[in-house]
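Keep the structure open as you read.

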Amino acid sequence: MAHEVDWTTFIVETFLEKLKDEITNEERYEQCANIMRTRAKGWSRTKQSMEFNLSMSTVDRRIKLMKKKYDIIQKKYPELGLPKRKYSKEEKWMDTH
């Protein structure tokens, strides 16, 4: 997510609530939720991979999925007030570490 949102607890939880409707597989949703919450705290992909016992490629796939879903949800539900993603050096670092 080199294009970042200022991740407040409200934005993270609002996004994850709508993400439940977009992802049908419960295990995949739980992985995404864990990754999203820790990513908002600034964890690297490496740390997430080790903490959640997931391969780096699985973490990357979940992040890629959430980027797409966030953009869809942000446009689909303007009443939620989810901000558009914008470029961030911190997010770029998380994408590469």
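A residue counts as buried under 20% relative accessible area and as exposed over 50%. The model is a predicted one.

Start with helix α4, residues 56-76.

Now look at which residues of α4 are covered. T58, V59, R62, I63, M66, K69, Y70, I73 and Q74 are buried. Seen down the axis of α4, these buried residues fall within an arc of 140°, so they line one face of the helix. Turn to the other side of α4, and K64, K68 and K75 are exposed.

Next, move to helix α2, residues 26-40, where Q31 lies. Is Q31 buried or exposed? Q31 is buried, because its relative accessible area is 14%, under the 20% cut-off. Residues up to four places away in sequence aside, Q31 touches L54, T58 and R62. T58 and R62 are among the buried residues of α4.

Finally, find the largest nonpolar core. This core has 21 residues. W7, F15, L16, L19, M36, M66 and Y70 have the most contacts inside it. Helices α1 (9-22), α2 and α4 are the elements that each give two or more residues to this core. In soluble globular proteins, nonpolar side chains tend to be buried together.

Take Y70 as an example. Leaving out neighbours within four places in sequence, Y70 contacts V5, W7, I11, F15, L82, P83 and R85. Of these partners, W7 and F15 are also among the core residues with the most contacts.

Conventions
Residues are numbered from 1 along each chain as its sequence is written. This is a predicted model: local features need pLDDT of at least 70, side-chain atom pairs count only at pLDDT 80 or more; totals for chains, interfaces and linings use all residues. Side-chain values use heavy atoms; hydrogens and water are left out. Helices (H or I, at least four residues) and strands (E, at least two) are DSSP runs, numbered from the N terminus. The expected span of a helix is 1.5 Å times one less than its number of residues. Buried means under 20% relative accessible area, exposed over 50%, partly exposed in between (1.4 Å probe, protein chains only). The arc is that of the directions from the helix axis to the C-beta atoms. Contact means heavy atoms within 4.5 Å. A nonpolar core is a set of buried Ala, Val, Leu, Ile, Met, Phe, Trp, Tyr and Cys residues joined through side-chain atoms within 4.5 Å.
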